[in-house]
Protein chains: 2
Amino acid sequence: MSLPIGELSERKKLILKAIVEAHIRGGEPVGSKYITESKQLTCSSATIRNEMAELEALGLLEQPHTSAGRVPSKRGYRLYVDTLLEEYAMTAKEIAQINQLMKIKMSELDQILDKASKVASSLTNYTGFAIKPRAHAVTVTKYEAALIDAHSFILIVVASNGAVKTRNVIVEGEVDDKILARLTAALNELVTGLDAEQISLSTIIALENRMSGDSVLVNTVMKCIYEMLSDLDGGELKVSGLDRLLQYPEFADTENLGELLGAIERKDEILDLVSGIDGEDVNVVIGSEDCSVKVINNSTLVFKPIRSHGKTVGAIGVIGPLRMDYARVLATLDSLGGNVSHLLGEPKVSDKGDKHD
Amino acid sequence: MSLPIGELSERKKLILKAIVEAHIRGGEPVGSKYITESKQLTCSSATIRNEMAELEALGLLEQPHTSAGRVPSKRGYRLYVDTLLEEYAMTAKEIAQINQLMKIKMSELDQILDKASKVASSLTNYTGFAIKPRAHAVTVTKYEAALIDAHSFILIVVASNGAVKTRNVIVEGEVDDKILARLTAALNELVTGLDAEQISLSTIIALENRMSGDSVLVNTVMKCIYEMLSDLDGGELKVSGLDRLLQYPEFADTENLGELLGAIERKDEILDLVSGIDGEDVNVVIGSEDCSVKVINNSTLVFKPIRSHGKTVGAIGVIGPLRMDYARVLATLDSLGGNVSHLLGEPKVSDKGDKHD
DNA sequence: TTTTAGCACTCGCTCGTCGTTAGTGCTAAT
DNA sequence: ATTAGCACTAACGACGAGCGAGTGCTAAAA
């Protein structure tokens, strides 16, 4: 399973790199002749062929069929991303576009993530996505309520992860400001710091006692709170620039496209995948190499966590074909994600460290 | 432009109906022989051919090429939907599924619409969508605020269309409950009933006076309010079951699919289209027959407005190929949409009136 | 021992041909 | 007005030839 990175001769690395990059550009299998022509390799096509055969034996290249050129395998891409990739120098235009995004003052995390994923999509020309990860054991830190009319009010919940949710509560009986004040006071005292599973019957009974035994109101409200808590740790996945997928021939057939659309539709696989990875660097998931997510078999996910005050609050990334322009995408996401995190109050990392996982 | 409905002989209608239905089922051009065989038409294929030629001259049928069968044109579908469509009898299973949806108690419009569009998609096997239409001149009917810490609070806005929006407001100076109380009181007094365009400088100045000239706070808040108001009348489009598109051969090529995905991506065309249509019946938009929405040239949109307390608050619908199973889709959406509206407090329409536009 | 030139071979791709087939339009007979 | 019959059309699938890009292997050169 582990890659024999050290074992690879310098020339093999160069050849692999050339093949990956040629294939990223052209999308077609690349042959030995092409390599000799275009690159600074001084050897002949026959030598390249021998090397290519060995690279294939190592599982780094694949042949669609005899007498076609070679295509990088997933392991090949992985090796490329991990060790062969050169820094991509962002163009002034790209930097400007990111900076312009940063100028737009948006106060809501959702909006920022959404916008950022759109920018990621348009800068890289792949499909962009934004994720708010699943959170475990979200609790409520504060309740507020706002009266609408005699039969309904808005319940506002501030969660431990900083999210805010509201819900329209319609009650059978009558409510007024005084009842609401009592309710919020009781909720703040009794039902904070509990996650969805920790709300027990005793909590509810204690609450009822505080609310003069108005069990209808209490039940309605508790149901709402439970619902909101479940919502809060649900995670979210938003996709932008889906139509960009179509320009890549690997998604021209229904097979791959269907798999990917299905995965996006279901959300959970991608959500789990992204939520399961921590850290602040850009991550690259190539195909289903780690076999956990079977569904995005022929696509690559690249994403960068967004952090705020030391916590991961989301992620932005792009989805595209295996032969993704990794250099560019990594640079773009790194910069964009860093800026977004910075915008959210995260200290900027000054050292340009290793960005791979 | 107007269709010569009355002019069509009974037999022509029957033939057109048979062709549309055969083509919906099979997806392929249908020939004269097929009609004579399968249907109760007593005449021969030659007669059918003559009739078909005339129907084609009327613009109701099309020929992909000579020596292929006929395919309904957009006008043909339109005529079919408007006058030839027979009621679809929903199966017990479908009814049960809708009823089950109705049992799920959800309090938020967004969730209900979202869920309903998913059900629409799964019942019809087309792509479902849910829309909250653009609203003009949304105003705020009530403000509330909830303190988070000394530098931030949550601003809650109840809009004239019943929607609720919250925003995290971070201020330079310090805030406390007392300041917030004054702020909300002032806002409720001075900045209600105004839409985004009507907020003038004098409003802001009046507000500043009330807030002891704290122009920083006032400006921050007003910017937020403006943003929220703009958000509120923005409209929303959510799509579910996108992958279902792929099973229809008309979306197998990149062309049509790209157009449709692009339109969904941009949202505004579809939003405008749906927002522009009022009433409570199911609407059918076939291709870009009315030339306003050029982009969904080869798809059909069917949607039903969702009403609550006499107002249109959203719409659910499906997107699919031109040869959509109209009978089924219309029945499903009519029933589903009616139920959702009912759930939202709209009186149930008892008379099963004409459901076409 | 490594590299390279040369060569036979493979296999997909593109044409053109050809027969088949489903469907048409037209005409003449009913 | 309808229909049977017939000639015609165009898509479709199979077949085969030619092409070309690319390979693997071998034997010679470095």
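Predicted model: local features only at pLDDT ≥ 70, side-chain atom pairs only at ≥ 80, totals over all residues.
## Protein surface at DNA strand D

Side-chain values use heavy atoms, without hydrogens and water.

At least two residues of this surface come from each of helix 3 (45–57) of chain A and helix 3 (45–57) of chain B. Around DNA strand D there are 19 residues, of which Ser32(A), Arg70(A), Ser44(B), Thr47(B) and Ser67(B) come nearest; a residue is near a strand if one of its heavy atoms lies within 4 Å of it. Of the atoms of DNA strand D that come within 4 Å of the protein, 77% belong to sugar and phosphate. The surface is made up of 4 nonpolar, 11 polar and 4 charged residues, with Asp, Glu, Lys and Arg counted as charged.

| Side chain | Atom of DNA strand D | Distance |
|---|---|---|
| Arg11(B) | phosphate oxygen | 3.2 Å |
| Arg49(B) | base oxygen | 3.3 Å |
| Ser67(B) | base oxygen | 3.0 Å |

Chain B is superposed on chain A by a rotation of 180° with 0.0 Å of shift along its axis (RMSD 0.1 Å), fitted by least squares on the C-alpha atoms of residues with pLDDT of at least 70 in both. The two copies are therefore related as by a two-fold rotation axis.

Note on methods. Residues numbered from 1 in each chain as written. Chains lettered and ligands numbered in written order. Polar contact = N/O pair within 3.5 Å; in protein donor to acceptor, adjacent residues only side chain to side chain. Helix = DSSP H or I, 4+ residues; strand = E, 2+ residues; numbered from the N terminus.
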